[in-house]
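Reader: I am new to this structure and would like a close look at a single part of it. Please take one chain and go through it step by step.

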Amino acid sequence: MLDLAAIWDAFGMLFAMPMAWVVVPLGLLIGLVFGAVPGLSVPIAMAVFLPMTLYMEFTEAILFLTAIFTGGGFGGSIPAILMNVPGTSAAIATCFDGHPMVRRGEHNRALGLALGASTVGTAVGYLLLFLVLEPISGFVLRLGPSELFLVAVIGLLLIGLMTDGRFARAVVAGCIGVLLSLIGMSSAGIERGTFGSIYLLDGIDANAAIIGIFAASELFRLVKHDYLVEAQDKRSVSIREIARGFADIRHNLPTLGRGSLLGAGLGVIPGIGSSIANLVSYTITKQLSKEPESFGKGNPNGVVAAESANSSSEGGSMVGLLALGIPSSAATAIMLSAFSMHNITGGPRFISDQKDVVYAIIAGNLIQAVMLGIIGLLFIRMIVYLVRVPLSYLLPPIVICTVLGSYALTSSLSGPVTLVAFSFLGVVLKRYNYSVVATVIGLLLGLMMEGNLVRTWQLGGSSLSPMFTRPVSLVLIALIVASVALALWVTARRKSSQPFRQTGEPHRGDA
Amino acid sequence: MNLTANRAGHFGLLALLAGFTLWFTASAWEADATLVNMILIGPVAFLALGLIAAIGIGLLLNPERDAEPAEPAETDTFRERWGVAIGCLALALYVLSLETIGFDVAGVIFCAACMVLMGRRNWLVIAAYSLFVGLAPVWILEGPMGIPVHTLILE
């Protein structure tokens with residue numbers, strides 16, 4: 001239940017900390033830049049600036065780090081929209097309709113829409129955190145390994161739903177992603193597929209692989225073009241259009257609400273939340289739409305669905321950190337480091353003993369969402385000029401930054417080599433309409449799936465019985481069956497409605 | 001059988017995916033054949049191989065399927081026709097040369113080569129821009145971010 005006295009104290013605490021309002025805009029700007037450059041990422045930004053938080057009060061430090069988190073969440077959508085290159089894995093679904101809008105010359109509106117959805121999504125995520133922090137944390141504790149495994153399976157199957165009749169190819173791509181993620185030493189110390197190389201002992205670096213399969217392979221496609229927007233008369237830069245796009249979210253309120261709720265709910269799930277929240281929201285919005293065929297071709301609802309979900313998942317991911325002391329992502333893991341640097345441990349005790357601090361963090365983030373709207377508008381105003389820069393000037397620094405970013409992630413050449421290998425794989429998979437999104441989701445979730453499956457086996461006394469006896473698991477299994485049935489139905493419908501089609505046009509949603 | 005270049009490429013991709021799946025499964029089996037090690041690898045590999053076989057059979061039974069690329073080739077200019085292939089090659093060469101000629105020099109050469117490939121011919125602009133784009137990110141990586149890299153020019 002809400003503690004009004006603690007909320008009052010929290011606001012008093014916030015406004016007694018002028019330094020917080022200096023570090024928050026700075027954090028948002030850092031996050032926007034790191035999110036917008038493919039190859040850099042929010043966890044890198046947070047890790048680089050983590051030492052700075054030693055010189056801050058605890059609440060200021062957390063607000064600074066969450067500002068980077070929030071800024072990076074939206075920053076990742078900028079290259080997704082402008083170049084079809086997601087800055088972060090949470091921005092994958094933003095590409096599907098955001099980039100086609102750019103190709104139509106609607107870059108101002110697309111970026112404004114994404115910012116509007118991100119701002120509202122972030123606010124809704126934290127508002128829900130305000131209201132249901134304690135009940136949600138109790139529910140998360142009840143999710144066992146069997147449920148986490150099944151949620152990951154659903155995440156993979158949802159990709160099949162987005163491929164419009166390429167379900168088998170999407171599942172193959174997802175399986176290959178899962179197998180690739182299992183290369184390296186297992187938790188039991190067994191080496192698999194390493195060729196005896198020490199670089200592969202820790203497995204394939206998922207970040208470098210994602211940059212390669214998405215960014216590099218997409219950048220190759222741009223080599224054939226002169227500008228991001230080919231038509232010269234559509235390369236306009238208009239703050240009015242950006243602001244109009246921002247305000248246009250009022251026409252997408254159901255999508256916005258659904259995306260925000262889904263994102264906040266899924267963001268709670270450790271290790272999965274932000275990566276699949278945007279995909280789940282996009283898929284559901286597409287399936288519920290009266291014009292599903294317009295998705296992947298520049299439907300504004302697609303941008304709103306993806307952005308509202310990935311932004312609100314931030315609030316959801318904070319549940320584990322604040323209520324349980326368990327990080328659910330790389331970003332919240334770094335925040336946990338800030339907790340320990342200030343001798344604070346998250347968890348139920350933290351919430352009950354320092355409720356005012358918890359509420360101050362949440363309230364600070366609500367104000368931060370408003371600041372994101374303002375700073376984001378100014379940032380977009382500058383960055384949208386990229387549409388006027390010839391690609392011959394734009395591509396080389398982006399490729400160099402992605403390669404150096406992958407080197408920074410691994411501190412060895414294994415990062416850039418992984419990037420190159422996966423960029424080739426991305427080019428080939430895209431050519432034959434195999435979903436690279438499915439491969440990426442498999443890569444991200446494979447190791448976690450194996451760990452949870454093994455734990456389910458062990459908890460069940462050498463059987464998978466917990467998966468078929470726990471009520472939540474049974475609901476998830478029903479969802480899996482429904483997802484497969486829906487995907488097969490979509491495949492059959494596509495084949496019957498377009499019998500003349502020989503090769504199948506590449507679906508934007510198939511990225 | 002209608003074996004166009006595109007269909008041959010698709011068969012090649014299926015062979016590659018099946019080969020990887022078989023090799024990785026065998027590697028995991030050799031390392032440890034217990035159920036705990038194979039609990040996910042086994043079913044996933046089985047599903048992948050089954051679907052790859054089904055897709056392959058579907059291709060054989062439907063000679064028109066994937067006969068032509070989904071995106072028709074744009075063959076107006078050299079860049080449109082060979083841009084992707086040359087881009088792949090340039091990226092591979094850039095990465096392989098990082099430890100040999102240094103991150104800084106490799107970046108400068110890569111940037112200049114990309115600009116030339118994409119139609120720039122003003123050599124002064126190419127030289128100045130490539131120097132900036134090649135050196136600045138490496139300096140940031142070494143300096144503010146504190147990540148040591150092999151360089152030829154930058155200290």
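Reader: In what order do the elements of chain B run from the N terminus on? Please describe chain B closely, together with the side that touches chain A.

Author: The elements of chain B run α-α-α-α-α-α from the N terminus on. In other words, chain B has six helices and zero strands. This is a predicted model, and the description below should be read with that in mind.

Confidence comes next. The mean pLDDT of chain B is 87, and 92% of the residues in this chain reach 70 or more. Among the elements, α3(B) has the highest confidence, at a mean of 93, while α4(B) has the lowest, at 85.

Within chain B, 42% of the 155 residues are buried. Taking the contacts in chain B that have a separation of 6 or more, 55% are between residues 24 or more positions apart.

Chain A can be set beside this. That chain has 22 helices and two strands. Of its 511 residues, 63% count as buried. Where contacts in chain A join residues at least 6 apart in sequence, 80% of them link residues at least 24 apart.

Now to the side of chain B that touches chain A. The contact involves 68 residues of chain B and 65 residues of chain A. Between them, the two chains bury about 6,000 Å², and carbon and sulfur atoms account for 78% of that area. On the chain B side, the residues that lose the most area to chain A are B:L40, B:L91 and B:M118. Together these three make up 10% of what that side buries.

As for polar links, eight residue pairs are in polar contact between chain B and chain A, counting pairs with both residues at pLDDT 80 or more. The number of salt bridges between the two chains is zero.

Which elements supply this side of chain B? Those that give two or more residues are α1 (5–31), α2 (35–38), α3 (41–61), α4 (78–101), α5 (103–117) and α6 (123–142). The most comes from α1(B), with 14 residues. Sorted by class, the side of chain B that touches chain A holds 48 nonpolar, nine polar and eleven charged residues.

A:S118 lies in helix α7 of chain A, which spans residues 107–142. Its relative accessibility is 0%, so A:S118 counts as buried. Leaving aside residues up to four places away in sequence, A:S118 touches A:F74, A:E307, A:S311 and A:L372. A:S118 and A:A305 are 187 residues apart in sequence, and their C-alpha atoms are 9.9 Å apart in space.

A:N299 sits in a loop of chain A, between α13 (273–288) and α14 (300–324). A:N299 has a relative accessible area of 10%, and it is therefore buried. With residues up to four places away in sequence again left out, A:N299 touches A:D97 and A:S294.

To return to chain B: it is a chain of six helices and zero strands, with 68 residues in contact with chain A and α1(B) giving the most residues to that side.

Notes. Residues numbered from 1 in each chain as written. Chains lettered and ligands numbered in written order. Predicted model: local features only at pLDDT ≥ 70, side-chain atom pairs only at ≥ 80, totals over all residues. Heavy atoms only, no water. Contact = heavy atoms within 4.5 Å. Buried area = accessible area lost by both parts, 1.4 Å probe. Salt bridge = Lys/Arg side-chain N within 4 Å of Asp/Glu carboxyl O. Polar contact = N/O pair within 3.5 Å; in protein donor to acceptor, adjacent residues only side chain to side chain. Helix = DSSP H or I, 4+ residues; strand = E, 2+ residues; numbered from the N terminus. Nonpolar A, V, L, I, M, F, W, Y, C, P; charged D, E, K, R; others polar. pLDDT = per-residue confidence, 0-100. Buried < 20%, exposed > 50% of the residue type's maximum accessible area, 1.4 Å probe, protein only.
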